[in-house]
Amino acid sequence: RGGLSVRDPLPLGDGETIGEALLRPHRSYLRSVMPLIEDGVVHAAAHVTGGGLYDNLPRVLPSDVRVLIDRGAWKVPPLFRLIQETGDVPTNESYRALNMGIGMCLVVPRERADEAISRLAAEGQPAATIGELQAGPSEVQIV
């Protein structure tokens with residue numbers, strides 16, 4: 001649709017081609033997340049795959065918990081922006097079909113969030129607080 005080839009540079013990327021971005025292997029979270037689970041820091045974890053944030057997070061939470069996510073808490077990678085813009089994919093559908101740069105969500109107590117982020121950073125895993133849990137119906141709101 002956009003007239004781009006897999007050999008073209010990824011717009012707004014860091015010099016890689018669209019093909020290289022599409023074929024980049026997924027990140028493994030096991031080595032960096034398992035110590036947090038073993039130490040009781042993580043209460044739940046959702047690997048954000050098909051279904052995106054909307055479908056994967058409710059699967060690991062009680063039915064009386066909703067998730068409020070701040071879409072400005074992280075930078076969406078250029079590949080996902082390209083897919084959304086070139087494919088004219090509505091924002092909500094992009095967050096349903098793609099992970100939009102959030103491959104794993106960890107549910108941790110608020111008072112341990114900084115610890116979890118620091119420990120993940122020490123393992124080379126970028127991490128950020130992207131939202132919070134609230135009482136309410138099982139749903140994900142991205143604002």
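**Notes on the salt bridges, sheet and surface patch**

1. Let's start with a handy contact: Asp 55 and Arg 96 meet through their side chains in a salt bridge, 3.2 Å from N to O. (A salt bridge here is a side-chain nitrogen of Lys or Arg within 4 Å of a carboxyl oxygen of Asp or Glu.) Asp 55 belongs to helix α3 (residues 52-56) and Arg 96 to helix α5 (residues 91-97), so the pair ties together parts that are 41 residues apart in sequence. Helices are DSSP runs of H or I with at least four residues, strands are runs of E with at least two, and both are numbered from the N terminus.

2. Before going on, a word on the model: it is predicted, so local features need pLDDT of at least 70 and side-chain atom pairs count only at pLDDT 80 or more, while totals for chains, interfaces and linings use all residues. Residues are numbered from 1 along each chain as its sequence is written, and side-chain values use heavy atoms, with hydrogens and water left out.

3. How open to the surface is that first pair? Asp 55 is partly exposed, at 29% relative accessible area, and Arg 96 is partly exposed too, at 33%. (Buried means under 20% relative accessible area, exposed means over 50%, and partly exposed is in between, using a 1.4 Å probe and protein chains only.)

4. The structure has six salt bridges. One of them links Glu 16 to Arg 24, with the closest N and O atoms 2.3 Å apart. Glu 16 counts as buried because its relative accessibility is 17%.

5. Now look at Glu 115 and Arg 112, whose salt bridge has its closest N and O atoms 2.9 Å apart. Shared partners join Asp 39, Arg 112, Glu 115 and Arg 119 into one network of salt bridges. Glu 115 is partly exposed at 30%, and Arg 112 is partly exposed at 26%.

6. On to the sheet: three strands form an open one, in the order β4-β2-β5, with mixed pairing. β4 (131-135) and β5 (140-142) are at the edges with a single partner strand each, so one side of each has no neighbour in the sheet. Strand β2 (residues 65-69) pairs with β5 in the parallel sense over three bridges; pairing needs at least two bridges found by DSSP. Leu 68 has Gln 141 in β5 as its bridge partner.

7. Finally, find Ile 83 in helix α4 (residues 78-86). Ile 83 counts as partly exposed, with 33% relative accessibility.
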